[in-house]
Amino acid sequence: MARRPKRSHNGGPPLDEYKGPPWGKGDPYIFLAWQAAHAKAWKAPSREVMLMRMDKAERLGLTYEEYTLEILERGRHLREEDTERIAAIKAARKRRRVRHLD
């Protein structure tokens, strides 16, 4: 007969007892490549680049994180002419704020 989980248990797998590799059952090369790409993408930029992004983000009405994420995800710098995309980012910000309050 299967044991019933403790009252505070969420029913998920035991995280502390996992003895396998960090990439799980997948390909270790892909795991390590993604890990390196993530570290490279989120490496802190130079002071000048950071200040430039902060200035552009402020002029567009975005946060530094939103502006930088747009560059990392889509590979392009937003301009004043990109009103539709800027509006979509601001709308997503409002949705996140509302979801946070639930």
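User: At roughly what angle do the axes of helix α2 and helix α3 cross?

Analyst: In this predicted model, helix α2 covers residues 47–60 and helix α3 covers residues 64–74, and their axes come within 8 Å. Angles of 65 to 115 degrees count as roughly perpendicular, so α2 is roughly perpendicular to α3. The crossing angle of the two axes is roughly 105°.

User: How do the residues of the contact of α2 with α3 divide into nonpolar, polar and charged?

Analyst: From α2 the contact draws on Met50, Arg53, Met54, Lys56, Ala57 and Leu60, which meet Tyr64, Tyr67, Thr68 and Ile71 of α3. Arg and Lys count as charged, whereas Met, Ala, Leu, Tyr and Ile count as nonpolar. The residues of this contact therefore divide into seven nonpolar, one polar and two charged.

User: Which elements give two or more residues to the largest nonpolar core?

Analyst: The largest nonpolar core has eight residues, namely Ala57, Leu60, Leu62, Tyr67, Ile71, Leu78, Ile86 and Ile89. Ala57 and Leu60 also belong to the α2 side of the contact with α3, and Tyr67 and Ile71 to the α3 side. The elements that give two or more residues to the core are α2, α3 and α4 (83–101).

User: Which residues does Leu62 touch, leaving aside those up to four places away in sequence?

Analyst: Leu62 is itself a member of the largest nonpolar core, together with residues such as Ala57 and Leu78. With residues up to four places away in sequence not counted, the residues that Leu62 touches are Ala57, Leu78, Ile86, Ile89, Lys90 and Arg93.

User: What percentage of the residues of the chain count as buried?

Analyst: The chain has four helices and zero strands, and its elements run α-α-α-α from the N terminus on. A residue counts as buried under 20% relative accessible area. Of the 102 residues of the chain, the share that counts as buried is 14%.

Notes. Residues numbered from 1 in each chain as written. Predicted model: local features only at pLDDT ≥ 70, side-chain atom pairs only at ≥ 80, totals over all residues. Heavy atoms only, no water. Axes fitted to C-alpha atoms, helices over the stretch in contact; angles between N-to-C directions. Parallel < 35°, antiparallel > 145°, perpendicular 65-115°, else oblique. Contact = heavy atoms within 4.5 Å. Core = buried A, V, L, I, M, F, W, Y, C linked by side-chain atoms within 4.5 Å. Buried < 20%, exposed > 50% of the residue type's maximum accessible area, 1.4 Å probe, protein only.
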